[in-house]
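Please read the points with the structure open.

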Amino acid sequence: MKKLYIFIATIFIINLATTFKQDNAPTHSYKEKLSEYGFFEGKISEQQPAKNVMPYTLNAPLFSDYAYKLRFVQLPDNQQVAYNADSVFQFPKGTAIIKTFYYKNDERNDKKGRRLIETRVLLHQENGWVSLPYIWNDDQTDAVLEVTGGTTKVAWRDAQGAKKEFEYIVPNMNQCKGCHERNGVMTPIGPSARQLNGDFKYADGTENQLIKWKNANVLRGGEDVKNAPKLVHYDDATASLDARARAYLDINCAHCHNKTGPAQTSGLLLDWKTTDSTAYGFYKTPIAAGRGSGNLKFDIVPGKPNESILVYRMESTDPGVMMPELSRSQQHTEGVKLIKEWIKSMKTN
Amino acid sequence: MNRILWVINFLVVNIAFLNAQADIEKRIQTDMIMAENGSTVQITEGVFTMSKSISMDGKKNVTIKGKGIDKTILSFKGQVAGAEGIKITNCENIILEDLTVQDSKGDLIKTMHVKGITFRRVKAEWTGKPSKTNGSYALYPVQCENVMIDSCIAIGASDAGIYVGQSKHIIVKNCTAYRNVAGIEIENSLYADVFDNVSTGNTGGILVFDLPNLVQKRGGYVRVFNNVIKENNFSNFAPKGNIVASVPKGTGMLILATNNVEIFNNQIINNKTTGVSIISYFMTEIKIKDKDYYPYPSAIDIHDNNFERKKGRVPFNGRFAKIYWFKLKFGRNVPHVVYDGVIDKKALDTNGQTKPENRICVRNNKNQTVANMDAANGFKNVSRDPNQFDCTLEKIKAVDNFTAKN
């Protein structure tokens, strides 16, 4: 049965591939295996990017069950991406964004190795972005396309040496769009000026990513990248509590909770640009939260984290209650702590 | 020895069964991802346990079809991921029919940004006793256009069984909703016809709400007719914080801050607290911070319904009951239709009267009794004079629903 489906999927992919070929656009065809794209050089599990593939990182990354992530972008030859200060960069057709999720076997000692779990490939096709989940095999020699996602047990030792273990869930193709959506259209989430405005350890030295992109002639415009906005990392103890909390909510919630995202129906908008305090959750009543309300009245009650629905849903791991809805089955203890401190620090009305 | 063989046999059969279940789950999800536009995803007869929510996105003209209610059953009882049972997003002309969906952790079937969505002969239920740990909505189209909900059954939702939110051009007909907090709810939605349904044994039978702070601001042009709205006296089991948690048990219909609603030819029977209540958002006692929100109900026409109610006090339960007992003091002679009487002073005519087209009209109902609560003045001048509601409004047009024509 499984074979039959792989067969059908292959036919489907071949069909798609031929459709795209007719367009003569610089787009990819879907590959069954990650290795077939040629994004990496050498042993694929080392994740060394090929020449035309740039690694990058984000200032404030999304929490995904304590997984580590490697990010790469490949633009079509001789093409650029337009700089803008406010939103995710509009990459040209033919761009691939690659994100590999992995766990260190022992967070206290990198030498103990790591296990790659999945690589999500976002391809900008003629008809828009598509997302493709590739799951790594046990031998770590390649990752295979699984449109329905999957589950796999992950185990590691954390920074304190405690044993961790749980069932990691790889989302299916549709679920990718559950977050990667604006106005019903698939879109990348991470690579914006405020997220890329930070240093990266390149093979030839550490440099600010925006400046590197500008110098490499990858950015069009952006003469003022030096004045680009910058999100703080929510772990950054030197930043203000408010900036850290808002950065956390921006990347962990606002991909859905923004004016054009999938959670717009709730009226709760947690993106960094929201200035309306009710829309940002302050004394805002829930709309369709159901038992997600946890018998609480408001999303955020200043000074009272334990009366704030926001905290209740971040703490939960019940699929019918927890937020975000996807890509999390563990509680993000540090994130919860941050948001609680932030709410507690505010004056009660 | 025999016993060992038997145990091994049992294990083998069970593992095979579990594998088969996982295969079916994967196959249904694969079918929904791979479905070509214009195709039908068939689901065979049987009870299938789903561990994760299943979803479809970006398709046109796809039908998802089972073998019938209670024949094809998707059970999400052991669900470990995804906030709903089935989720359908960014599609056009989708039909879901002939299946039962049960016991998801969140909502049972959510559809968002779908133009043309039909639920036909779908049973969506939480099995077992109604509980606040049940999900919010059984059938949940939100921000959709051309919504058709036909011959469906919704049971056990801790918010609303059939809930249409922020949508346009809606038909809900031939459905049955019971043991939900709200049987059927139309919220911030425009142009809805709700008819030939039975809503019974819920906390509230049919609700028409307009709430603040939402993307689709103003609903209205809702017709509720030919329904049986009976014995909605079930204790409210909604988690607090949700607006329906404040609906008193024994509510037949509740119109909250909606404009242009016509209610006619319904059987509104033995709902212990109220037949139809018409209230402004001020009654929720929640501060309004949305500048564009209109908190007053207006242009409500209630005619040609049959009201019945056994004499007796309203159930003593919750804040509204306290108002009934201590402020309104109706005793055992409770009126069928109540209006909070909070008026928008900016919308009056030059004589200080509500404009004819904005009035609350109650006329020609069987066993009609009314009350104006005078809530704006601390319930001082409660009036049961029927003349204040003796008017009629221009009839609301039937919904122009694209799906209904196809």
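1. Helix H5 of chain A is largely enclosed by the rest of the structure, because nine of its twelve residues are buried. Buried means 20 or more other C-beta atoms within 10 Å of the residue's own; exposed means 12 or fewer, partly exposed lies in between, and C-beta atoms are placed from the backbone. The buried set is Arg244(A), Ala245(A), Arg246(A), Ala247(A), Tyr248(A), Leu249(A), Asp250(A), Ile251(A) and Asn252(A). The cover over these residues includes helix H7 (333–344) of chain A. Helices (H or I, at least four residues) and strands (E, at least two) are DSSP runs, numbered from the N terminus.

2. This is a predicted model: local features need pLDDT of at least 70, side-chain atom pairs count only at pLDDT 80 or more, and totals for chains, interfaces and linings use all residues. Residues are numbered from 1 along each chain as its sequence is written, while chains are lettered from A and ligands numbered from 1 in the order in which they are written.

3. In chain A, six strands form an open sheet, ordered E3-E4-E6-E7-E8-E9, with antiparallel pairing. Its edge strands are E3 (53–56) and E9 (143–145) of chain A, each pairing on one side only. Pairing requires at least two DSSP bridges between two strands. Nine bridges join E6 (residues 96–104) to E7 (residues 114–125) of chain A. Thr100(A) has Thr119(A) in E7(A) as its bridge partner.

4. The peptide bond from Met323(A) to Pro324(A) is cis, with omega near -10 degrees. Pro324(A) sits in the loop between helix H6 (309–315) and H7 of chain A. Asn78(A) has phi near 60 degrees, a positive value in a residue other than glycine. Asn78(A) counts as exposed, because it has 6 C-beta neighbours inside 10 Å. Gln140(A) also has positive phi, near 60 degrees. Gln140(A) lies in the loop between strand E8 (128–136) and E9 of chain A. With 16 C-beta neighbours inside 10 Å, Gln140(A) counts as partly exposed.

5. Last, the chain contact. Chain B gives 40 residues and chain A gives 39. Contact means C-beta atoms, placed from the backbone, within 7 Å. On the chain B side, the largest share, six residues, comes from H1(B).

Note on methods: Two residues are in contact if their C-beta atoms, placed from the backbone, lie within 7 Å.
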